[in-house]
Amino acid sequence: MGFGETFKALSNPVRRKILTLLKDGPLSAGEIAARFQLTGATISHHLSVLKQAELVFESREKNYIYYQLNTSVLEDVLCWIADLKGDGTNET
């Protein structure tokens, strides 16, 4: 996983909305799709991009695929941003 893929995935408002939905717990693809006025294929594409960026996990249960937020990637991004910000001292 690279930050490029992560930021590409986060750049789309639909994918950000999907991540927001998943913060409350796993959802099936159908439950996610029901929240949008988009085709199933479009939702599937967005979920694929999120999986490729490792922002979500998928698990299969009978005939359903459930998606769950992967917070470790988000924590890595936040740590990187915090490191860029620094502690306010300029050491050269």
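Two strands count as paired here if DSSP finds at least two bridges between them, and it is in this sense that L27 has Y67 of β3 as its bridge partner. The structure shown in these views is a predicted model.

**View 1. The open sheet is built from three strands in the order β1-β3-β2, with antiparallel pairing.** Strand β1 (27–28) and strand β2 (56–61) stand at the edges, and each has a single partner strand, so one side of each is left without a neighbour in the sheet. Helix α4 (residues 40–52) packs on this sheet, where it touches β2 and β3, and its direction makes about 115° with that of β2. Strands of a sheet pair through backbone hydrogen bonds, either parallel or antiparallel.

**View 2. Strand β1 meets strand β3 (residues 64–69) in an antiparallel pairing that runs over two bridges.** Looking along β3, one finds Y66 as the bridge partner of S28, while Y67 is the bridge partner of L27.

**View 3. Strands β2 and β3 are joined in the antiparallel sense over six bridges.** Among the residues that face each other across this pairing, V56 has L69 of β3 as its bridge partner, and R60 stands opposite I65, which also belongs to β3. The hairpin formed by β2 and β3 has two residues between the strands, and within this hairpin K62 takes a positive phi near 55°.

View 4. When residues up to four places away in sequence are not counted, L69 touches L19, L22, K23, L55, F57 and L74. L69 and E54 are 15 residues apart in sequence, and their C-alpha atoms lie 9.0 Å apart in space. E54 itself follows helix α4 and has a positive phi, near 60°.

**View 5. Helix α4 is shown with its buried residues and with what covers them.** The 13 residues of α4 should span 18 Å at 1.5 Å a residue, and the 18 Å between its end C-alpha atoms agrees with that expectation. The residues I43, H46, L47, V49 and L50 of this helix are buried, and, seen down the axis of α4, the buried residues fall within an arc of 155°, so they line one face of the helix. On the other side of α4, by contrast, G40, A41 and Q52 are exposed. The cover over the buried residues of α4 includes the helices α1 (3–10), α2 (13–22) and α3 (29–33), together with the strands β2 and β3.

**View 6. H46, which is found in helix α4, is shown with the residues around it.** The relative accessible area of H46 is 7%, and H46 is therefore buried, the cut-off being under 20%. Once its neighbours within four places in sequence are left aside, H46 is in contact with N12, V14, R15 and I18.

**View 7. Two salt bridges are counted in the model, and they are shown here with their side chains.** In one of them E58 is joined to K51, and the closest N and O atoms are 3.0 Å apart. In the other, the side chains of R60 and E58 meet at 3.9 Å, N to O. E58 counts as partly exposed, at 33% relative accessibility, and K51 likewise counts as partly exposed, at 34%, whereas R60 counts as exposed at 62%. Through salt bridges that share partners, K51, E58 and R60 are joined into one network.

Definitions and conventions. Residues are numbered from 1 along each chain as its sequence is written. This is a predicted model: local features need pLDDT of at least 70, side-chain atom pairs count only at pLDDT 80 or more; totals for chains, interfaces and linings use all residues. Side-chain values use heavy atoms; hydrogens and water are left out. Helices (H or I, at least four residues) and strands (E, at least two) are DSSP runs, numbered from the N terminus. Contact means heavy atoms within 4.5 Å. Axes are lines fitted to C-alpha atoms, for helices over the stretch in contact, and angles run from 0 to 180 degrees between N-to-C directions. Buried means under 20% relative accessible area, exposed over 50%, partly exposed in between (1.4 Å probe, protein chains only). The expected span of a helix is 1.5 Å times one less than its number of residues. The arc is that of the directions from the helix axis to the C-beta atoms. A salt bridge is a side-chain nitrogen of Lys or Arg within 4 Å of a carboxyl oxygen of Asp or Glu.
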